[in-house]
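Dear colleague,

I am handing over the structure below for your own work. Please look through it first; my notes on what was found in it follow directly after.

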Amino acid sequence: VVSSTQLGCPDACAAMMPNGIILCDFSPAGTYNTPTYFYEYDYTTNKFTQVSVPGGGTSINTSAFATNMLDLPDGTVLFADQGDNDYYQYTPKGSPLASGKPVINSIIEECPTFMITGKLFNGISEGAGYGDDWQCATNYPIVRLTNGTNVYYAKTTNWNRIGAVMTDSLMDTAYFTIPTMPAGTYSVVVVANGIPSSPHSLTLPCVTTYVDQVELPGTNYITVYPNPGNGIFSIESSIPIDKSIICVYNTLGQELMQQKMNGSLNTLDLSGQPAGVYLYHVLSEQGELLGKGKFVIKK
């Protein structure tokens, strides 16, 4: 209520900011009335606090129906009056929610693209939303690369989850392609709804690393890297496959070792083997062949 006027949002926008507070706007109750007022909603206290409108003041002469918001990768919220050429950024206070922070496990170079693995790439909310007229969700990974004052954004594709939120410890994967960039070492983060991960270092130009990937039944797959390698290989599964076994053979077909998969990330140590090509099979608990590929050891 503002000056005894009941407010409402028959069709309006809102955005969950990195600090967990919801930025929203309201107009006098009814059908698309004016003006529009802005509030922050704190779900932990169930309280609304009025804030200044973009450009200053307490209200703008438009209906909440005609406004829109979008979470930006830098943690601010982009606001616009639909049809207006002026755009505004709202900067939230406080720190990003730790529960919404993505995690990068690895970046695998498959020049000119990169595969990135980790957790919480889709964040813990859809970001911004608006009735049924506009689609503003940002619950997907955005990759940002920084070197000094230079900031670049990469195009991400092939997310293993679409429309998901709050995936906790489930493994996430995506691919990203970088724009034309100078050589150097970059700080890479994954951003979900304005909340960045801790940085991961990446040196350019890209050096091709062969990645062997085994498709398994359903939506699961195994990725093996670095390949070629010095004999220590990471075996990463998109979901835990504790009852599966990896068998390693030389090119004569002689079995060298077997190893059970525990969880979603395992290490295979072939450092005692000479340089060369080695084959592997992924077997189910019943001995069914789920997939096969090769390791290349260089020394």
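Which residues line the largest pocket? Before the answer, please note that this is a predicted model. The lining of the largest pocket is made up of Asn68, Met69, Leu70, Leu78, Phe79, Ala80, Asp81, Gln82, Gly83, Asp84, Tyr87 and Trp134. Two elements, E6 and E7, each give two or more residues to this lining. The greatest share comes from E7, which supplies four residues. The volume of the largest pocket is about 210 Å³.

The sheet with E6 and E7

Strands E6 and E7 belong to an open sheet of three strands, in the order E6-E7-E8 and with antiparallel pairing. Strand E6 (67–71) and strand E8 (87–90) stand at the edges; each has a single partner strand, and therefore one side of each is left without a neighbour in the sheet. On average, and with direction ignored, neighbouring strands of this sheet are turned by 25 degrees against each other. In general, the strands of a sheet pair through backbone hydrogen bonds, in either a parallel or an antiparallel manner. Here, E6 pairs with strand E7 (residues 77–81) in the antiparallel sense, over five bridges. Leu70 stands opposite Leu78 in E7, and both Leu70 and Leu78 are also among the residues that line the largest pocket.

Rolling a probe the size of a water molecule over the atoms shows where empty space is left. How many cavities of 30 Å³ or more are there? The count comes to two.

The largest cavity holds about 50 Å³ of space. Its lining consists of Met16, Met17, Pro18, Gly100, Gly123, Ile124, Ser125, Ala192, Asn193 and Ile195. Six of the residues lining the largest cavity are nonpolar and four are polar, with no charged residue.

The second largest cavity has a volume of about 30 Å³. Met115, Thr117, Met171, Thr173, Tyr221, Thr223, Glu236, Ser237 and Ser238 form its lining. Strand E10 (113–119), E19 and E20 are the elements that give two or more residues to the lining of the second largest cavity. That lining divides into three nonpolar residues, five polar and one charged.

Backbone features in the loops

Two cis peptide bonds deserve a mention. The peptide bond from Thr34 to Pro35 is cis, with omega near 0 degrees. Pro35 is located in the loop between strand E3 (22–28) and strand E4 (37–42). Tyr225 and Pro226 are likewise joined by a cis peptide bond, for which omega is about -15 degrees. Pro226 sits in the loop between strand E19 (221–225) and strand E20 (232–237).

Met166 is not a glycine, yet has a positive phi of about 55 degrees. Met166 belongs to the loop between strand E13 (150–157) and strand E14 (172–177). Asp168, also not a glycine, has a positive phi of about 55 degrees, and Asp168 is found in the loop between E13 and E14. Are these residues buried or exposed? Met166 is exposed, with a relative accessible area of 59%, and Asp168 counts as exposed at 59% relative accessibility.

Aromatic pairs

A pair of aromatic rings is described by the distance of the centres and the angle of the planes. The structure holds eleven aromatic pairs. One of them is formed by Phe26 and Phe48: the ring centres are 5.8 Å apart and the planes stand at 80 degrees, so the pair is edge-to-face. Because Phe26 lies in strand E3 and Phe48 in strand E5 (residues 47–51), the pair ties together parts that are 22 residues apart in sequence.

With kind regards

Note on methods. Residues are numbered from 1 along each chain as its sequence is written. This is a predicted model: local features need pLDDT of at least 70, side-chain atom pairs count only at pLDDT 80 or more; totals for chains, interfaces and linings use all residues. Side-chain values use heavy atoms; hydrogens and water are left out. Two strands pair if DSSP finds at least two bridges between them. Axes are lines fitted to C-alpha atoms, for helices over the stretch in contact, and angles run from 0 to 180 degrees between N-to-C directions. On a 1 Å grid over the protein atoms alone, a cavity is a set of points where a 1.4 Å probe fits but cannot get out, and a pocket is an open set with protein on both sides within 12 Å along at least five of seven lines; lining residues have an atom within 4 Å of a point. Grid points are joined across faces, edges and corners, and a volume is the space filled by probe spheres set on the points. Buried means under 20% relative accessible area, exposed over 50%, partly exposed in between (1.4 Å probe, protein chains only). Rings of Phe, Tyr and Trp (its six-membered ring) pair if their centres lie within 6.5 Å; planes under 30 degrees apart count as stacked, over 60 as edge-to-face and the rest as tilted. Ala, Val, Leu, Ile, Met, Phe, Trp, Tyr, Cys and Pro count as nonpolar, Asp, Glu, Lys and Arg as charged, and the others, Gly among them, as polar.
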